[in-house]
Amino acid sequence: MERLSKELEQEKEGLEDDLSFEELGLDPRLVRALIKKGILKPTPIQHVAIPLILEGKDVVARAKTGSGKTFAYLLPLLQKLFTGSSTEKKSGPSAVLLVPTRELSQQVNKEVSSLVESCRVQLKVSQLTSSMSHSDLRTALAGPPDIIVATPACIPKCLSAGVLQPASINESLEILVLDEADLLLSYGYEDDIKAFAAHIPRSCQCLLMSATSSEDVEKLKKLILHNPFILTLPEVGDIKDDLIPKNVQQFWISCDARDKLLNILSLLKLDLVQKKVLIFTNTIDMAFRLKLFLEKFGIKSAVLNAELPQNSRLHILEEFNAGLFDYLIATDDGQTKEKEANEESNVDKKRFRKRAKQKMDSEFGVVRGIDFKNVYTVINFELPPSAAGYVHRIGRTGRAYNTGASISLVSSDEVETFGEIQSFLRADGDTDIIVPFPLLTKNAVESLRYRAEDVSKSVTKIAIRESRALDLRNEILNSVKLKAHFESNPRDLDLLKHDKTLSKKPPAPHLRDVPDYLVDPVTQEASKVIKLARAAMGNIQSGCRRGFKRKSRNDKDPLKTFLAEAPKKSRRSGGEKRRQK
Ligand SMILES: Nc1ncnc2c1ncn2[C@@H]1O[C@H](COP(=O)(O)OP(=O)(O)OP(=O)(O)O)[C@@H](O)[C@H]1O
């Protein structure tokens with residue numbers, strides 16, 4: 001235990017020394033690949049995890065959203081494979097990276113492939129999805145690949161189809177990563193992981209990465225980790241107030257449930273929030289209601305949900321990340337179908353569940369782990385049901401040295417959940433972290449009430465259903481085109497537009513532009529400030545991200561606030577809290 005504390009102290013001191021990637025022992029090829037991406041200095045989690053992983057230790061790493069966990073495991077993992085790859089030919093994969101959603105698997109696959117390409121090494125990377133046919137899986141596994149990126153359900157599928165042999169996993173697997181480990185079990189992968197665990201060789205190095213700590217992570221640790229060296233980073237209680245980067249300002253607006261459309265319209269139409277904006281709703285129908293409503297005022301947005309074909313979802317994400325549209329309305333994950341089923345009348349429930357089962361992708365997930373680029377504002381049109389859900393949603397902004405803001409619209413029936421989120425985020429004795437949004441005045445909201453209420457009446461249930469069906473039909477058609485297109489032009493993002501309007505009529509001129517006489521002077525001033533801040537932020541953000549010039553540790557940087565301290569003494573006694581032999 002003494003040795004353990006000493007090592008952790010050294011790691012902490014190391015953090016303050018501000019070591020470079022080279023000094024952490026990273027291969028020059030990887031360092032050059034990172035420079036090409038504008039990444040010059042390791043983040044704190046990378047600082048601690050890279051040397052430990054290079055040494056071959058099992059690591060359980062928990063660090064807040066957007067803190068650079070992906071490179072924290074990918075860089076040392078690749079380096080280890082670089083050195084091993086030239087020797088003997090293997091019958092199975094050397095590394096398996098398991099992630100909870102297809103979106104994340106796509107993102108991780110892209111990141112690994114781009115590093116491999118930049119470093120010009122001969123490593124084959126394959127992404128597997130559970131919707132692949134046996135023959136596609138066989139093709140993807142031919143070779144075999146050095147690295148597999150997949151959701152856990154794929155592995156048992158490959159094993160039972162005989163396209164992956166247990167013996168080759170046992171013989172070849174050197175590194176296993178469970179990314180977003182806190183979510184793998186809640187996505188229902190326990191049996192898949194157990195089935196795979198039986199074939200993992202004892203010598204395999206296992207890495208668990210997660211943003212929040214939970215019983216599920218503990219369960220996975222017990223299930224997967226063989227190697228007795230474990231690094232557990234600080235427990236939730238120690239850095240609770242730091243779960244969301246400090247440079248994300250969190251606001252809330254209290255309003256009637258029926259005034260939510262009016263409030264969001266005021267925020268967007270009166271320019272009180274900075275773009276890009278990611279808006280979360282709890283159901284797909286609500287997402288379409290919002291889209292149709294905003295459309296009538298000339299505000300174009302796209303909807304991202306589990307119902308859409310995989311290609312379309314990917315393309316929407318790519319276009320949004322590339323800045324081709326400013327407003328994205330998203331539902332959390334594939335489990336949205338459950339919420340929707342509960343909202344349907346009893347008569348419809350059975351039919352709905354069947355439909356949901358057929359059409360929705362349970363491996364869909366945009367909240368967890370997806371790296372949205374330059375989202376400034378996250379709006380919770382509806383609150384997520386849990387504090388962990390809130391943390392993950394808000395974590396889509398303020399990523400990697402960027403600043404951001406979040407605004408939650410809270411109605412009376414959400415007050416209890418909101419209270420739970422506030423107390424979860426609040427450090428003991430501190431004041432609330434989420435504060436009232438100061439820029440939206442009652443006058444400003446009221447000035448738009450008449451128009452908003454009028455328009456909201458026209459967004460009927462039938463209109464929503466029709467639009468949802470129309471959007472899905474369009475996207476299915478798009479999806480076929482996209483598949484062919486992406487195969488020949490992987491970098492071309494401009495083929496199809498996802499934020500096109502769904503209503504047949506264009507927005508009426510009096511709704512598209514808010515006349516000056518409707519906007520009170522306070523709101524006009526606030527809107528000017530936001531625009532100025534946005535113009536200034538553009539420069540600051542890109543400067544920070546590329547340069548990393550600031551020398552001192554700055555609490556305001558999300559990537560610099562990771563602490564690798566030994567937990568307090570009283571916590572030490574409990575089992576596997578530290579690195580142990
Ligand atoms: N050392 C670094 N310097 C600057 N940017 C970095 C660095 N490392 C990673 N990033 C960038 O930070 C962003 C967030 O990284 P990443 O997606 O790995 O976060 P995360 O910790 O996995 O978040 P989440 O828990 O939400 O999945 C990415 O855009 C990534 O390219």
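Residues are numbered from 1 along each chain as its sequence is written. Because the model is predicted, local features need pLDDT of at least 70 and side-chain atom pairs count only at pLDDT 80 or more, whereas totals for chains, interfaces and linings use all residues.

Strand E11 spans residues 327-331; strands (E, at least two residues) and helices (H or I, at least four) are DSSP runs numbered from the N terminus. Of the 5 residues in E11, 5 are buried, a residue being buried if 20 or more other C-beta atoms, placed from the backbone, lie within 10 Å of its own.

Two strands pair with E11, pairing requiring at least two DSSP bridges. Strand E9 (residues 277-281) runs parallel to E11 over 5 bridges, with Ile279 opposite Ile329. Strand E10 (residues 302-304) is also parallel to E11, over 3 bridges, and Leu304 has Ala330 as its bridge partner. Together with helix H14 (residues 310-321), E10 and E11 make a right-handed β-α-β unit; with the strands pointing away from the viewer, a right-handed path from the first strand over the helix to the second runs clockwise.

Elsewhere, helix H2 (residues 28-36) packs against helix H5 (residues 102-119) at about 115°, with axes 9 Å apart; axes are lines fitted to C-alpha atoms over the stretch in contact, and angles run from 0 to 180 degrees between N-to-C directions. Arg29, Leu30, Ala33 and Lys36 in H2 meet Leu115, Ser118 and Cys119 in H5, contact meaning C-beta atoms, placed from the backbone, within 7 Å.

Conventions
A residue is buried if 20 or more other C-beta atoms lie within 10 Å of its own, exposed if 12 or fewer, and partly exposed in between; C-beta atoms are placed from the backbone. Two residues are in contact if their C-beta atoms, placed from the backbone, lie within 7 Å.
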